[in-house]
Amino acid sequence: MTVGSTPRRATPADPMPGTSVDRSIPSPKRRNLPPELGPDAIAILEGRTFLYSDAVGDVARGSIGGLVHADTRFLNHWLLTVDGERLLALRSGTVDHYSAAFFLTNPRMASLAPNTIGVRRLRFVGDGLHERIEVSSFSEQPIRVELRLAVGNDFADLFEVKDFVRDRSAEIRHDHASDGSRLAFRYANQGFEAETVVEVSPPANHVEGDDLVWDLDLPPRGEWACDLHVPLRLGPMAIEPLHQDFGDVFAPEGSDSVSHWLAQIPHLEADSHLLSEVVAKTARDLLALRIAARTETEDILLPAAGLPWFLTLFGRDTLITAYQTVAFGPRVARGALVALARFQGTKRDDFRDEEPGKILHELRTGELTQLGLKPHSP
């Protein structure tokens, strides 16, 4: 396409100049932002994996929450109910950056008086999502309740999560185990493939649609527990986290990633208690926002820009942040330089805004980028 005699240059905002506009894609004026999860929302993260939920630990369908890894959402619905009623949060929060705990109870219900049962949810992310659900009865009489975990996903690209999610339901294949031990969702579009598997122990009594359902017969003061694992397929350059439990506070002293990181960095002693606290908090926050990666020759650490939209490699932002972290040792700064040099431009590509020697702006690996609809590939 030309304007006069001058060709129009392809850009990320207009990758194919002169082509018609797909009217099925909402324009910015019709943009419908998904609802937030409330002021008490809780996020846990490790590397490029995070889970964002409300204060009860639930993810409602249609919100910005869910389990996201490497720019793809693998769960967009994760909602726990008892006899069809949602639970109430007594207390919840993060244990550390990659794990959280939720202490819940039941509201007044037709089948149960308020506070008859207690539910504790413990979760962490690392090699996927791990969640343990523990139910305790406070009743002096036997009770029977239905515990249901509604599960779903849309395999949305992260760019879609904060804007407009394309409906992929017709392309998502459901392959659930009949014995209630596993749910499986599979999606493929051209060269892009994604899978979500939910492993359940003990198995649910039955599966209704995409819901796991347990019929619990609790004796007086009885207890019950279940473990769920959602493994994620890590890329060839990713490094699998070493977490084995629901928080570094439960690990033997000196054996966890937080203690190991803090033992390696310089320590500041100052007359100002505030300054000392700021530096210590900065060190822990930097630990939470590290991305571990593997090159052909070495393992590196990179600084991520932030949760939830920016857990990836940037150009200018990564360089500036890495420079500012040198006070905590050179490893993060070295990792940033190695990674950016690896992706340094080698040719002219107007769609990606690439030129020889140029440093990339942003690296993404979701469906839209892999299919060439977004310009953020290396």
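A surface patch and its setting

Tutor: Leu319, Leu337 and Ile359 together make a nonpolar surface patch of about 240 Å². In such a patch, residues have over 30% relative accessible area and no salt bridge, and nonpolar side chains (Val, Leu, Ile, Met, Phe, Trp, Tyr) are joined within 5 Å, whereas like charges are joined within 9 Å. Areas follow the Shrake-Rupley method with a 1.4 Å probe, only the protein chains shown counting as cover for residues; a salt bridge sets a Lys or Arg side-chain nitrogen within 4 Å of an Asp or Glu carboxyl oxygen. The model is predicted, and local features need pLDDT of at least 70, side-chain atom pairs pLDDT 80 or more, while totals for chains, interfaces and linings use all residues. Residues are numbered from 1 along each chain as its sequence is written, and side-chain values use heavy atoms, without hydrogens and water.

Another loop isoleucine, Ile265, is found between α2 (257-264) and α3 (273-288). Ile265 has a relative accessibility of 8%, so it counts as buried. Leaving out residues up to four places away in sequence, Ile265 touches Ala283 and Phe328 (contact means heavy atoms within 4.5 Å). Although Ile265 and Ala327 are 62 residues apart along the chain, their C-alpha atoms are separated by 8.4 Å.

Because its relative accessible area is 13%, His97 is buried. Beyond its neighbours within four places in sequence, the residues in contact with His97 are Ala43, Ile44, Leu45, Glu46, Leu287 and Ala288.

Turning to the strands, an open sheet of 5 strands runs in the order β8-β7-β13-β18-β17, with antiparallel pairing. At its edges stand β8 (85-86) and β17 (206-208), each with a single partner strand, so one side of each has no neighbour in the sheet. Within the sheet, β13 (residues 143-152) and β18 (residues 211-218) pair over 8 bridges (pairing requires at least two DSSP bridges). Ala150 stands opposite Asp211 in β18.

Finally, the whole chain holds 6 helices and 21 strands. Of its 378 residues, 47% count as buried. The chain exposes about 19700 Å², of which carbon and sulfur atoms supply 53%.

Terms used
Buried < 20%, exposed > 50% of the residue type's maximum accessible area, 1.4 Å probe, protein only. Helix = DSSP H or I, 4+ residues; strand = E, 2+ residues; numbered from the N terminus.
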